[in-house]
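Dear colleague,

Please find below the structure that I promised to hand over.

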Amino acid sequence: MLRALFAELSPLATHRGWPRVAVDADTWRAIGEALREGKLDLLAEWGDAGAVHCALYEPATRGVQIATIAAHEGRAPSLAVFHAPASRLERALADLYGIEVVGLPDQRAWLDHGRWPVRAPLAAQPRPASASASPAYRFLEAQGPGLHQVPVGPVHAGIIEPGHFRFTASGETVVRLEERLGYTHKGIEKSIVGRSVNDAARLAARVSGDSTVAYSFAFARAIEAALDSSPPPRALWLRAVMAELERIANHLGDIGAICNDASFAMLHAECGILRERTLRACARAFGHRLMMDRIVPGGVTTDLTADGEKEIGALCTRLTREFPELIELYDNTASLQDRTVGTGIVSTRLAAAFAAPGYVGRASSRLFDARVHLPYPPYDVAPLEIAVRHEGDVDARVWVRILEVQRSVLWLQSALGALPGGPVRLALPAATAESTESTAVVEGFRGDILTYVRIGAGQLIERCHLRDPSWLSWPLLEAAIEGNILADFPLCNKSFNCSYSGHDL
Amino acid sequence: MRTGWPTQLAQLILVLGLAPLLTGVTRKVRARLLRRRGASVVQPYRDLLKLIRKEVVVAENASWLFRAAPYVIFATTWVAAALVPTFATGLPLGAAADLIVIVALLGTARFMLALAGLDVGTSFGGIGSSREMMFASLAEPAMLMAVFTLSLFAGSTELSSISAFMLGPRAGLSISVALALVALIIVALGENARIPVDNPATHLELTMVHEAMILEYSGRHLAVIEAAAFVKLLLYLSLIACVFVPWGTAVAGAGLFGYALGLGLYAGKLALLGFLLSVFETAIAKMRVFRVPEFLGVALMLGLLGTMLLFVSRAPH
């Protein structure tokens with residue numbers, strides 16, 4: 001499909017790695033139709049100065065293609081009119097760039113809640129915010145006898161990130177859930193423009209704190225590809241070691257938290273202990289519990305000593321010994337299984353249409369893991385087995401996490417024996433006069449993080465787009481809760497564990 | 001009768017004074033089972049003190065009912081708890097108020113709480129009240145059936161008499177009483193917002209039942225409601241102890257030693273029941289909201305069966 005669409009177009013020389021082509025409105029429409037027919041997956045769609053980009057993935061050939069359409073007079077055609085998953089992405093790029101997306105079925109603002117000092121902050125000429133109060137956000141309606149609305153958030157009773165959920169319920173049964181996000185918008189894509197590479201890397205590492213390694217990894221890969229540079233082999237392996245440790249720690253935390261939302265506190269406590277052991281091993285091996293700022297463009301900042309290797313080895317041994325007991329407890333507690341099995345089902349069809357990332361997709365039969373399907377070093381030479389379930393419920397999402405923890409531990413154990421020697425960081429080559437760009441995809445614990453970077457003279461960032469996997473999984477949560485009861489929402493929500501910060505940017 | 005009133009007064013003070021400690025102990029045990037250190041067992045007292053000192057914030061559209069409800073809830077629960085023989089039987093109030101009055105008092109408290117949850121008009125309060133009433137429609141009859149079983153068995157609805165009968169030679173082992181015990185335990189779990197029906201420690205707005213109804217309360221209002229919840233837990237454990245393990249309870253005129261023994265044994269029984277409660281809560285996950293009526297329905301059926309068995313087995317006489 002990609003070949004049929006783009007074979008006659010020549011890729012732009014400035015974009016390294018996967019090809020990027022400029023397309024016209026007809027091809028853009030053809031892309032939309034291919035997305036609708038499910039022949040292509042939409043990985044990302046983002047705005048730029050006078051243009052809209054989209055990243056496409058073809059499952060059949062494992063090809064990736066970036067397509068760009070120019071926004072003439074601030075207007076660009078919509079993909080969402082063909083393919084609903086593009087809707088929020090287009091609403092966000094309209095908010096940020098002031099581009100009018102022609103044909104976009106949902107014209108409500110998404111990230112812009114009417115409280116920013118300017119409108120279209122990323123456009124060449126930001127508009128001043130209108131003095132009058134912006135109109136109230138119009139939630140989608142559900143009609144029927146006895147329906148009532150339950151607003152939840154943005155401030156919640158627990159210590160979690162802010163987001164608003166508008167439930168329409170018939171008694172206890174949820175008829176419709178609509179999310180409203182954007183409360184943690186920090187203006188990262190604006191702030192990162194004009195920064196030096198190292199400065200920008202620090203900012204990219206802070207998009208979503210629990211995925212800091214994955215974000216640094218994705219950003220570094222995009223920068224290195226744009227500058228035609230390759231880090232030393234040892235750095236590549238250490239990056240993956242950190243990424244797997246991050247995945248293990250987060251999955252352990254999630255498994256415990258999901259059980260806690262079913263008020264089964266014992267697994268929460270036990271998983272919490274294992275997670276803490278993982279973080280402490282990270283702190284001793286890499287000098288930081290979350291390994292923040294350890295991956296930088298050009299390599300890694302901290303080498304792994306022999307002692308550090310032993311720490312991680314000991315952690316793996318402990319996990320292989322203690323984790324199976326917890327799995328057994330999870331599997332054998334009938335009251336817990338009663339809550340997770342059959343709750344919050346995401347259909348295979350929806351998971352495929354939304355290119356559902358990470359465990360959300362893999363729990364609903366979507367065969368995609370960036371480490372396997374778009375392999376980057378060192379996963380190209382040290383492959384992992386993909387973890388897939390087919391039920392699509394909370395239980396399946398827990399099981400994908402369990403399997404991934406186990407496979408990551410196995411991978412770490414074999415990787416520790418195969419770490420190449422040598423330096424861990426090289427200086428980046430000087431920037432060329434013309435700007436260069438690249439796109440990279442890295443599998444974080446939530447799913448694939450896509451990073452697009454354009455770097456100009458003096459190695460300053462001209463444009464950087466960081467697409468959190470949550471962009472693709474948040475809408476599926478609305479579908480998963482439909483027909484379930486209100487009291488099961490926390491369980492479904494935790495099994496998705498989408499990032500607010502990464503989404504709101 | 002001379003020892004009656006001092007005992008009754010001591011009982012009134014005892015249930016109020018001991019209730020926060022019981023909650024503190026169950027929380028501590030649960031924390032230790034989860035490999036946490038846990039807060040001190042006297043933390044509930046500190047929480048109450050803290051809340052009493054805090055300013056009360058009342059929603060703008062709250063009516064007088066919202067302000068009055070906490071005190072009604074507290075008063076009815078407290079009186080109900082004072083009617084259950086704890087360390088000594090022969091309470092003077094017991095003659096005037098039997099088990100059915102206790103059920104009625106608790107029903108009044110629940111009615112006020114549900115009204116207060118609805119009063120402010122927030123969606124969570126409404127959800128909480130609606131769930132509470134759904135559960136109550138099964139929990140209250142189940143409680144009554146258990147009470148009937150015991151009353152028929154012992155030939156009285158008065159707790160001191162039931163307790164004395166259980167100690168006597170005619171009690172023996174009875175399937176009906178066992179069924180009533182199980183029914184009472186299930187009702188106790190539901191009524192006290194414990195796992196698997198509700199989670200007293202939850203922070204998730206959408207899963208709350210009891211916590212959702214009191215979400216709008218603060219300051220001394222919240223303190224009074226919390227105290228009522230502590231007392232209610234004590235009430236149910238005392239009730240189970242009084243009827244099913246009555247040994248050692250002091251009878252009227254037992255002398256100082258008898259009262260001291262009764263008090264010590266009562267404390268031991270409470271501690272044991274609190275411990276068992278924590279163990280049970282740790283070993284099980286919370287139910288789906290719609291499973292709870294089934295769970296409470298089991299209690300109702302057991303109570304009903306117990307009553308019917310008593311009639312059937314006595315038929316030839």
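Two residues are said to be in contact if their C-beta atoms, placed from the backbone, lie within 7 Å. With that in mind, please also note that this is a predicted model.

Chain A as a whole

Chain A contains 17 helices and 17 strands. Its radius of gyration is 22 Å, close to the 23 Å that the globule rule gives for 505 residues, so chain A is as compact as a globular protein of that length. Along the principal axes, the C-alpha atoms of chain A fill a box of roughly 65 × 60 × 45 Å. Of the 505 residues in chain A, 53% are buried. Among the contacts in chain A with a separation of 6 or more, 67% are between residues 24 or more positions apart.

Helix α16 of chain A

How many residues of helix α16 of chain A are buried? This helix, residues 489-496, is mostly covered, and eight of its eight residues are buried. They are F489(A), P490(A), L491(A), C492(A), N493(A), K494(A), S495(A) and F496(A).

The packing with α7(A) can be described in more detail. The axes of α7(A) and α16(A) are 9 Å apart, and the angle between the two helices is about 175 degrees. Angles over 145 degrees count as roughly antiparallel, and α7(A) and α16(A) are therefore roughly antiparallel to each other. On the α7(A) side, A257(A), I258(A) and D261(A) take part, and they meet P490(A), L491(A), K494(A) and S495(A) of α16(A). Sorted by class, this contact has four nonpolar, one polar and two charged residues. An α-helix has 3.6 residues a turn, so residues three or four places apart point the same way. Just after α16(A), N497(A) takes a positive phi of about 40 degrees.

A residue in a strand of chain A

T168(A) belongs to strand β11 of chain A, which covers residues 164-170. Why is T168(A) classed as partly exposed? A residue is buried if 20 or more other C-beta atoms lie within 10 Å of its own, and exposed if 12 or fewer do. T168(A) has 19 such atoms within 10 Å and is therefore partly exposed. Leaving aside residues up to four places away in sequence, T168(A) touches A142(A), L147(A), Q149(A), V175(A) and R176(A). The C-alpha atoms of T168(A) and H148(A) are separated by 5.6 Å, although these residues are 20 residues apart along the chain.

In chain B, the axes of helix α1 (residues 4-33) and helix α3 (residues 64-83) come within 9 Å and cross at roughly 120 degrees. That angle makes α1(B) oblique to α3(B). The crossing of these two helices, α1(B) and α3(B), is right-handed. Q11(B), L12(B), V15(B) and L16(B) of α1(B) make the contact with W78(B), A81(B) and A82(B) of α3(B). Six of the residues in this contact are nonpolar, one is polar and none is charged.

Between the chains, 21 residues of chain B are in contact with 26 residues of chain A. The side of chain B that touches chain A has ten nonpolar, six polar and five charged residues.

Yours sincerely

Key. Residues numbered from 1 in each chain as written. Chains lettered and ligands numbered in written order. Predicted model: local features only at pLDDT ≥ 70, side-chain atom pairs only at ≥ 80, totals over all residues. Helix = DSSP H or I, 4+ residues; strand = E, 2+ residues; numbered from the N terminus. Nonpolar A, V, L, I, M, F, W, Y, C, P; charged D, E, K, R; others polar. Rg over C-alpha atoms; globule rule 2.2 N^0.38 Å. Axes fitted to C-alpha atoms, helices over the stretch in contact; angles between N-to-C directions. Parallel < 35°, antiparallel > 145°, perpendicular 65-115°, else oblique. Left-handed = near helix turned anticlockwise from the far one by under 90°.
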